[in-house]
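Please consult the sequence and the structure shown below while reading.

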Amino acid sequence: MAKLRYFDAGKPADPEPAPAAPTTGHSEFLRTGRINRNRAHWLAEEREYLSHEQVAERTALKLRGAGEKTHDRLNSFHKSIRFPKLIFHHTLKDTPHLGYCHVTAARTQFAQYQEVNWAFYIANFFARIGQEENFFEDISLKYSRMYFAVAVHPDKAAEDKKLTINRDIRGNGVLFHTHDPQIAIRNVLLLGARNEQLRDIIRQL
């Protein structure tokens with residue numbers, strides 16, 4: 001797969017001044033013997049290409065902004081529901097315009113499962129949550145956002161005991177997965193609610 005090249009599409013092009021007379025490039029050369037290299041004779045503004053590092057930085061700003069806003073919404077719902085702010089991001093290898101942001105993490109009782117640790121994420125693309133090493137499968141830009149929460153636990157095989165998906169929960173570790181922000185907010189609040197009375201209120205949202 002060829003490495004993607006990015007350019008700044010938001011940079012406005014300089015307006016081209018109207019020519020004094022309707023001349024063409026080849027007639028001008030035949031008349032004067034010179035090639036006019038003024039910018040007014042170019043068809044479009046030269047594109048400013050961006051490095052993958054620059055694209056990743058721009059993606060990071062957008063992801064972190066979305067994570068901050070979503071965290072604020074979660075913690076403004078009810079004083080008894082508070083989530084820690086644990087915002088960090090990752091961009092996908094070779095496609096730094098795509099990435100995901102970790103928003104928060106907590107522990108809860110989930111259905112028949114006791115004391116489930118989980119993490120909540122936002123991505124700027126939509127995909128299936130994979131079962132194997134490739135966490136995202138069939139990446140699509142059909143939706144501009146994806147919200148999901150997964151059960152996590154320490155990876156016993158890793159020396160640093162980093163967290164990994166706990167696939168013992170629900171067979172794949174996925175607690176919810178949606179492109180709808182309202183559904184995502186409701187599901188996270190349900191995970192954070194401490195009693196059934198509060199959960200009933202949230203379900204009616």
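In which strand is the place of threonine 95? Threonine 95 belongs to strand 4. The model discussed here is predicted.

## Overall architecture

The protein chain contains four helices and 10 strands. Read from the N terminus, the order of these elements is β-α-β-α-β-β-β-β-β-β-β-β-α-α. The chain has 205 residues, 35% of which count as buried. Among contacts between residues at least 6 apart in sequence, 51% join residues at least 24 apart.

With its neighbours within four places in sequence left aside, threonine 95 is in contact with Leu4 and Tyr6.

Proline 181 lies in helix 3. Its relative accessibility is 31%, so proline 181 counts as partly exposed. Between proline 181 and methionine 146 the C-alpha to C-alpha distance is 8.2 Å, while the two are 35 residues apart in sequence.

## Helix 2

Helix 2 comprises 24 residues, which at 1.5 Å a residue should span 34 Å. The C-alpha atoms at its ends are 34 Å apart, in agreement with that expectation.

The buried residues of helix 2 are His52, Val55, Ala56, Thr59, Ala60, Leu63, Ala66, Gly67, Thr70, His71, Leu74 and Asn75. An α-helix has 3.6 residues a turn, so residues three or four places apart point the same way. The packing partners of the buried residues of helix 2 are strand 1, strand 2 (49–50), strand 3, strand 4, strand 5 and helix 3 (181–192).

## The largest pocket

The largest pocket has a volume of about 640 Å³. It is lined by 24 residues, of which Tyr121, Val152, Leu163, Thr164 and Ile165 are the closest to its centre. At least two lining residues come from each of strand 3 (88–92), strand 4 (95–110), strand 5 (113–123), strand 8 (146–154) and strand 9 (163–165). Strand 8 gives the largest share, five residues. By class, the lining consists of 14 nonpolar, five polar and five charged residues.

## The second largest pocket

The second largest pocket holds about 330 Å³ of space. Among its 17 lining residues, Val55, Arg58, Thr59, Lys62 and His97 are the closest to the centre. Strand 1 (6–7), helix 2 (52–75), strand 4 and strand 5 each contribute at least two residues to this lining. The largest share, six residues, comes from helix 2. The lining of the second largest pocket has 10 nonpolar, three polar and four charged residues. Val55 and Thr59, which are among the residues closest to the centre of this pocket, are also among the buried residues of helix 2.

## Nonpolar cores

The largest nonpolar core has 24 residues, and Trp118, Phe120, Leu175 and Phe176 touch the most other members. Two or more residues of this core come from each of strand 4, strand 5, strand 8, strand 10 (174–178), helix 3 and helix 4 (196–203). Leaving out residues up to four places away in sequence, phenylalanine 176 touches Phe120, Tyr147, Phe148, Ala149, Ala184, Asn187, Val188 and Leu191.

A second, separate core has 17 residues, including Leu92, Ala119, Ala123 and Phe126.

Methods: Residues are numbered from 1 along each chain as its sequence is written. This is a predicted model: local features need pLDDT of at least 70, side-chain atom pairs count only at pLDDT 80 or more; totals for chains, interfaces and linings use all residues. Side-chain values use heavy atoms; hydrogens and water are left out. On a 1 Å grid over the protein atoms alone, a cavity is a set of points where a 1.4 Å probe fits but cannot get out, and a pocket is an open set with protein on both sides within 12 Å along at least five of seven lines; lining residues have an atom within 4 Å of a point. Grid points are joined across faces, edges and corners, and a volume is the space filled by probe spheres set on the points. Ala, Val, Leu, Ile, Met, Phe, Trp, Tyr, Cys and Pro count as nonpolar, Asp, Glu, Lys and Arg as charged, and the others, Gly among them, as polar. The expected span of a helix is 1.5 Å times one less than its number of residues. Buried means under 20% relative accessible area, exposed over 50%, partly exposed in between (1.4 Å probe, protein chains only). Contact means heavy atoms within 4.5 Å. A nonpolar core is a set of buried Ala, Val, Leu, Ile, Met, Phe, Trp, Tyr and Cys residues joined through side-chain atoms within 4.5 Å.
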